[in-house]
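Please look over the sequence and the model below before reading on.

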Amino acid sequence: MTELRRRRDGVQDADLIELRLDTVADPNVAGALSGRRVPVIVTCRSLQEGGLFRGSEEERKSILAEALERGAEFVDIEASAGFSDLISAHRQRIVLSIHDFARMPVDLEDRLRDMRRSGVAIVKAAAMVRSLTDCVPLLKLSRDLESEGAYVLIGLGPAGLVTRALAARFGSCWTYAGDEVAPGQLPARKMIEELHWRRVSRDTALYGVVGNPVMQSLSPAMHNAAFRAIGLDAVYLPLAATDADDFLRFARAFDVRGASVTIPFKRDMFQRLDEADALSRRVGAVNTVRRDGDRWVGTNTDVAGFLRSLDEGGRLAGTRAAILGAGGAARAAAVALSSAGARVSIHARRIEQAETVASLVDGVAATLPPLPGTWDLLVNATPVGMAPNVNDTPLPDYTFDGATVYDLVYNPLETRLLREAAAAGCRTIGGLGMLVAQAEEQFAWWSGRRPPARLFQHVATRCLLESQCTPSARPGSETSDSERRAVSP
Ligand code: NAP
């Protein structure tokens with residue numbers, strides 16, 4: 001209880017705090033409620049509904065009854081619990097809830113209508129969504145429920161983040177935020193400051209980054225900061241798609257205006273578009289799409305982002321450039337370098353992949369590692385060395401004898417590859433510059449306006465430095481099953 005009260009009083013950004021009495025060993029209703037400065041929802045979730053309460057149903061009921069007697073603003077009771085006497089005596093302070101941590105119930109609408117008949121203040125459903133497309137029926141359901149009283153709809157899981165971030169569009173009377181221990185849940189501060197939760201209305205234009213995984217992307221912080229800075233009513237969200245078609249179905253239903261595309265969908269998305277510009281056709285991948293009328297069009301700003309961040313001016317002509325990896329980033333780097341006159345070699349663990357990318361630019365395909373003495377510029381376009389595997393390098397025990405080493409990995413800001421290359425006397429470049437430059441090009445392509453100078457650089461650097469201090473970035477900080485089960489949706 002001491003911990004619960006400490007956390008309750010430490011919350012800064014919430015209008016309402018849920019007190020999970022099932023998560024404490026010594027539940028004490030009076031202690032939970034006394035001295036509160038913010039209205040609360042008292043919850044004591046049973047094991048069956050994903051909570052941690054191990055006592056009897058009678059004990060649970062008496063905790064909830066005491067919370068109501070002592071004036072808790074809301075008490076959450078599961079529809080499956082029964083407790084009908086409690087519910088009918090306190091309808092106006094009851095949140096009647098259902099939870100399904102495995103799937104979206106097919107009869108959700110009927111169940112919510114049944115729950116509504118009890119006359120409670122708020123009905124709440126939290127159910128797992130496995131794809132962005134799973135959020136579409138929830139949006140439709142929200143329109144049907146709207147005239148019937150207050151409700152909260154939550155899609156659990158990363159794809160369900162949109163149901164939290166776009167609570168206004170779903171008509172939910174509130175949403176839940178927290179310590180990121182449940183997938184799809186974000187801290188209140190992040191929802192408010194980064195995703196503009198308080199400003200998002202039904203009319204707010206929607207953009208996002210389509211990928212998987214995508215929850216740790218720095219792009220929402222950058223693009224949302226720019227939308228705010230230039231006064232556009234728009235929000236940019238992580239969109240955890242299962243594939244390109246999943247995104248396109250979601251985008252139609254939610255009127256998405258544009259999106260960044262990241263691993264692993266850059267090539268799939270390219271193939272699904274109505275139109276791709278000449279540059280993305282050459283690369284064979286898009287990292288940026290937008291809706292023009294009924295059509296989806298795409299471009300690739302990785303190419304311009306790569307060249308801008310390299311900042312070599314005309315000096316690339318004749319440069320021997322060795323690229324490690326043969327994925328989407330390698331393709332963009334190869335096209336960029338070749339268009340600037342460099343002689344490109346592609347080095348991959350699967351030679352056939354290297355050959356495919358090399359053929360885009362009349363380059364040479366080879367295995368890893370590149371032979372010393374064969375390159376002036378070396379570009380790492382593999383994820384090796386990326387957090388959390390910061391001790392890895394694509395070139396262990398290597399002799400760096402070229403001029404410049406460029407690592408497209410941006411987290412950490414300085415990789416082991418860059419440290420070792422610098423120690424050998426190479427000029428080194430980290431991936432943050434490309435991340436920033438390609439995002440600036442995306443923003444301009446969508447909005448017709450440049451983001452304020454240095455804004456993206458500033459925001460991305462701050463987020464990276466902060467992420468290196470958060471518990472989730474620390475090794476060994478995996479959330480246990482019991483913690484995950486205990487969190488509120
Ligand atoms: P991708 O399409 O998945 O390609 C990754 C490439 O790396 C593939 O060729 C893969 O080979 C290879 N690879 C993976 N693990 C490897 C290992 N242990 N040893 C050797 N090769 C390995 O990914 P991507 O989109 O190209 O991205 C690659 C990296 O660039 C990521 O770290 C990404 O964050 C970074 N990136 C940065 C920016 C930026 O703006 N700074 C932009 C784009 C990408 P297989 O096919 O054999 O697995």
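**Charged pairs and their surroundings**

With a relative accessibility of 24%, R113 counts as partly exposed, in a model that is predicted rather than determined by experiment. Its partner is E148, and the two form a salt bridge in which the closest N and O atoms are 2.8 Å apart. The pair links distant parts of the chain, since R113 belongs to helix 5 (residues 108-116) while E148 sits in the loop between helix 6 (135-145) and strand 6 (150-156), 35 residues away. E148 is also partly exposed, at 29% relative accessibility.

The loop between helix 6 and strand 6 also holds E146, whose partner R202 lies in the loop between helix 9 and strand 7 (205-211), so that this pair links parts of the chain that are 56 residues apart. The salt bridge between E146 and R202 brings the closest N and O atoms to 2.4 Å. E146 is partly exposed, with a relative accessible area of 36%, and R202 is likewise partly exposed, at 44% relative accessibility.

A further salt bridge joins the side chains of R7 and D179, with an N to O distance of 3.4 Å. Because R7 lies in helix 1 (residues 2-10) and D179 in the loop between helix 8 (167-170) and helix 9 (188-194), the pair ties together parts that are 172 residues apart in sequence. The accessibility of the two partners falls into separate classes, for R7 is partly exposed with a relative accessible area of 48%, whereas D179 is exposed with a relative accessible area of 57%.

These pairs belong to a total of 35 salt bridges.

The largest cavity holds about 50 Å³ of space. Which residues line the largest cavity? The lining is made up of L186, K190, E194, L195, V214, M215, S217, P220 and P238, and these residues divide into 6 nonpolar, 1 polar and 2 charged.

The ligand is a separate matter, with 21 residues surrounding it, of which the closest are A326, A329, R349, R350 and G431. Backbone atoms can be followed at several of its atoms: a polar backbone atom of A326 is 2.8 Å from an oxygen atom of the ligand, and a backbone N or O atom of G328 lies 3.0 Å from an oxygen atom of the ligand. On the nitrogen side, a polar backbone atom of G431 is 2.9 Å from a nitrogen atom of the ligand.

Is V210 buried or exposed? Its relative accessibility is 0%, and because residues under 20% count as buried, V210 is classed as buried. Between the C-alpha atoms of V210 and S338, which are 128 residues apart along the chain, the separation is 28 Å.

Notes. Residues numbered from 1 in each chain as written. Predicted model: local features only at pLDDT ≥ 70, side-chain atom pairs only at ≥ 80, totals over all residues. Heavy atoms only, no water. Salt bridge = Lys/Arg side-chain N within 4 Å of Asp/Glu carboxyl O. Helix = DSSP H or I, 4+ residues; strand = E, 2+ residues; numbered from the N terminus. Buried < 20%, exposed > 50% of the residue type's maximum accessible area, 1.4 Å probe, protein only. 1 Å grid on protein atoms, 1.4 Å probe; cavity = no way out; pocket = protein on both sides within 12 Å on 5 of 7 lines; lining within 4 Å. Points joined across faces, edges and corners; volume = space filled by probe spheres on them. Nonpolar A, V, L, I, M, F, W, Y, C, P; charged D, E, K, R; others polar. Near = heavy atom within 4 Å. Polar contact = N/O pair within 3.5 Å; in protein donor to acceptor, adjacent residues only side chain to side chain.
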